[in-house]
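I opened a notebook on this structure today.

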Amino acid sequence: MAESGARGDFQGTTCPHDCPSTCALEVEVRRDAGGVGRGIGTVRGAEANSYTAGVICAKVARYAERVHHPDRLLRPLLRTGPKGSGQFREIGWEEALDRVAEAFAERTARHGSETVWPYYYAGTMGLVQRDGIHRLRHALRYSGQLNTICTALCEAGWMAGTGRYAGPDPREMAEADLIVMWGGNPVATQVNVMTHVSRARKQRGARFVVIDPYRTGTAAAADLHLALRPGTDGALACAVMHVAFRDGYADRDYILRASDAPDDLEAHLATRGPAWASAITGLSVAEIEGFARLYCETERAYIRCGYGFSRSRNGAAALHAVTCLPTVTGKWRHRGGGAFWSNRAIYHWDKTLIEGLDARDPSIRVLDQSRIGAVLTGDRRDLGDGPPVTALLIQNTNPVVVAPASGKVRRGFAREDLFTCVHEQFMTDTAQYADVVLPATMFVEHDDLYQSGGHSHIQLGPKIVEPPGECRSNHEVLQGLARRLGAEHRGFSMTAREIADATLRASGWPGWEEIAAGRWLDAQPDFATAHFETGFGHADGKFRFAPDWAAIGPDHARMPRLPDHMEAVDAADGEHPFRMVTAPARQFLNTTFTETPGARRREVRPTALLHPRDAARLGVPEGGRVRLGNARGEVVVTARLAEGQQEGVVIVESVWPNGDFEGGMGINLLVSDDPGPPKGGAVFHDTAVWVRPAAAEVERLAAE
Ligand SMILES: Nc1nc2c(c(=O)[nH]1)N[C@H]1C(S)=C(S)[C@@H](COP(=O)(O)OP(=O)(O)OC[C@H]3O[C@@H](n4cnc5c(=O)[nH]c(N)nc54)[C@H](O)[C@@H]3O)O[C@H]1N2
Ligand SMILES: Nc1nc2c(c(=O)[nH]1)N[C@H]1C(S)=C(S)[C@@H](COP(=O)(O)OP(=O)(O)OC[C@H]3O[C@@H](n4cnc5c(=O)[nH]c(N)nc54)[C@H](O)[C@@H]3O)O[C@H]1N2
Ligand code: SF4
Ligand SMILES: [Mo]
């Protein structure tokens, strides 16, 4: 894997971040006189990987500034001031782990084991370091976590129709004649999609369509941008299908063979044409007809589903509606055709060892990740008749900033009777609320194994440099706690690399060394499987226009029987005339990189994008301060005027730390923690707000 360079040698590894691109990386290692890796230099994408193709995003290309950041946590810390004060003193690892173990044991004795909630997410996507926390959870019967902050609504919507988390090879985008980026912004959020789009445009003159409420970097690069109102994708999808049936583009042979209820669907869509959809989406009839014709007339039409349009109360319904398009028109049959969201099923992992699934007791309660504010403030809808949560172990996530309804979240974290241990790389807003903070390694400092949702490679992330200070990996922390708490599982006595190797083999793949020799393993299934020619993922092999929503989640009664516009969103009203979308910022990755100077300099400050006519009506100039609010609270940000979105839509790119806002509460103060049906899911882009000029308001208050 090593290759000599002028300054350091380059080692192959994998980007660990929560991004569908999962780039194959080459990282320059800086060594000391003894040849030990002590730091990193240049980071570049691997040319030889057919998906990464030598391209990575700017934030990871600058990764040396994160690894060598002066603010990295290097030693365990114990809180010395009030909760959230950020006052800590350094302690040793033995004392730190003893304190955490004692707190967990003491609370378990008092309230039962479900009082402890190991809480984690995807700050690292490494399967061993990310998911190992479940082994501790299951071995000690701690409360479970229902993962809803990111993928739940997409999962429900995708599975409803297709029945399997897979789809046409994402590299086939390069062989498509039309690529539709539906509700995603890959220029910012998974740049490699653009590599394959560019190839199709250059080699085949392919058209690129973006469906997004505002003019993102991706929309600006498109041939056609449909700037619909947020939360109306189901209506647009229905209108396209209406045109397909109306104008003879429906592939009747295909739907008879491959779907469940084509006649019901055709009848249902009769009243859902472009005029109907125009009123809902705010797009013109001509725009909808034009897009429908383009889509219907192009055989090789590849729909890449982003996450963005699922982050609404009707998100699962919208995603299902979009997956119906390639079915009605038979596009799945063609190379470069069909739709894609995630390839996670192709890896068929056996995660028994990583997650300790053999120790799991299914009767233990499971708490909703996105409702952490409700859980910590004692909401009985979440706690059931179980004990309050009085202890948290947090790895790879920053819920005080990223979770919805963050006013409640902060109140919960401030509870004096709550013991919180946060294992982190930086002093995040969440770490500020900890009783004990533990310093974590970064991906170049520990071993791990990666899958990719956005392509088809199994990759490794070997430890290539020594950790700074006293940083320890997630696995090492779990081992230390398991020992102290008497948690028994063979995984706790293995190294991370041994677990990765054993997991690969148990899942039917070659082991670590063999994959390392080839650098990665391409797990892409054959064409017929990937295009569902051998059947969709349901028992009868058929795509479902009429999904069995009851099988997907408990809150199914509200779901439409057939693809539709579902009227469930937080609709604008007289008091809250704007619909707010909190789309990801290009230089941040969730809250990661908000600590790096390169990213902060480029993002500048939290901003609201307003349509110029809205801004004029409100009397807000470019660069003026605006206050956004609803029943949950208010935040102040700087306004920027933006064409390319509809009036009544406001965009606040995220996720800035709370401290970057006046008043110290970030944008998720305004976002609801209502679970999106049918199986939960955070609704980050589904918020009605009012917008007022902040400076004028201050002047008015001063004058009174
Ligand atoms: N730079 C950067 N990269 C990231 C992240 C980041 O924060 N920053 N986050 C990472 C993570 S965790 C994830 S899950 C992925 C997510 O990446 P994406 O799939 O891109 O999804 P979202 O980030 O939710 O939003 C994408 C777009 O959806 C649009 N959108 C919002 N509401 C609607 C709607 O109702 N309809 C339609 N059609 N579009 C809508 C938003 O305006 C936004 O431009 O990105 C990952 N990559
Ligand atoms: N307003 C708004 N809010 C959102 C979103 C949005 O679009 N808008 N997107 C949502 C989505 S899709 C997601 S996925 C969530 C994600 O939110 P988070 O889970 O908070 O996301 P990250 O920033 O990826 O990772 C969190 C932390 O993990 C730490 N970390 C990284 N690697 C390791 C490690 O190996 N060990 C340990 N112990 N820590 C590590 C990082 O330092 C970072 O502080 O945010 C959600 N919140
Ligand atoms: S595009 Fe995504 S996977 Fe690739 S380097 Fe950037 S954050 Fe990592
Ligand atoms: Mo996410």
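**Entry 1: sorting residues.** I start with a convention. Ala, Val, Leu, Ile, Met, Phe, Trp, Tyr, Cys and Pro count as nonpolar, Asp, Glu, Lys and Arg as charged, and the others, Gly among them, as polar. I also note that I am working on a predicted model.

**Entry 2: the second largest pocket.** I looked up its volume and found about 530 Å³. Its lining has 26 residues. Nearest the centre of this pocket I find Tyr214, Glu603, Leu609, Arg640 and Glu653. I then applied the convention to the lining. It divides into 11 nonpolar, 7 polar and 8 charged residues.

Why does the second largest pocket lie between domain 1 and domain 2? Both domain 1 (168-340 + 538-552) and domain 2 (578-703) give residues to the lining, so the pocket lies between them.

**Entry 3: the largest cavity.** The largest cavity has a volume of about 120 Å³. I count 17 residues in its lining, and Cys15, Cys19, Ser21, Cys23 and Cys57 lie nearest its centre. Helix H1 (58-61) and H7 are the elements that give two or more residues to this lining. By class, the lining of the largest cavity has 10 nonpolar, 6 polar and 1 charged.

**Entry 4: ligand 3.** What sits in the largest cavity? I find ligand 3 there. I listed the residues around ligand 3, among them Cys15, Cys19, Cys23 and Cys57. Ser21, Thr22, Ile56 and Val60 are also around the ligand. The shell around ligand 3 has 8 nonpolar and 3 polar residues, and no charged ones.

**Entry 5: threonine 22.** Threonine 22 is not a glycine, yet its phi is positive, about 35°. I place threonine 22 in the loop between strand S1 (9-14) and S2.

Entry 6: Do S2 and S3 run parallel or antiparallel? Strand S2 (residues 24-31) and strand S3 (residues 37-45) run antiparallel, joined by 6 bridges. Leucine 25 stands opposite glycine 45 in S3. The two strands form a hairpin with 5 residues between them. In the turn I noted glycine 35, with a positive phi of about 85°.

**Entry 7: around S23.** S21 and S23 run parallel, with 4 bridges between them. Strand S22 (residues 625-630) runs antiparallel to S23, with 6 bridges. A hairpin joins S22 to S23 through 2 residues.

I looked up threonine 638 in S23. Threonine 638 is the bridge partner of threonine 607. Threonine 638 is also the bridge partner of arginine 625.

**Entry 8: cis peptide bonds.** I noted one between serine 654 and valine 655, with omega about 5°. Valine 655 is in the loop between strand S24 (649-652) and strand S25 (687-693). I noted another from proline 677 to proline 678, with omega near 5°. Proline 678 is likewise found in the loop between S24 and S25.

Definitions and conventions:
Residues are numbered from 1 along each chain as its sequence is written. Chains are lettered from A and ligands numbered from 1 in the order in which they are written. This is a predicted model: local features need pLDDT of at least 70, side-chain atom pairs count only at pLDDT 80 or more; totals for chains, interfaces and linings use all residues. Side-chain values use heavy atoms; hydrogens and water are left out. A residue is near a molecule or strand if one of its heavy atoms lies within 4 Å of it. On a 1 Å grid over the protein atoms alone, a cavity is a set of points where a 1.4 Å probe fits but cannot get out, and a pocket is an open set with protein on both sides within 12 Å along at least five of seven lines; lining residues have an atom within 4 Å of a point. A molecule sits in a cavity or pocket if more than half of its atoms lie within 2 Å of its grid points. Two strands pair if DSSP finds at least two bridges between them. Grid points are joined across faces, edges and corners, and a volume is the space filled by probe spheres set on the points. Domain bounds come from an automatic or database domain assignment.
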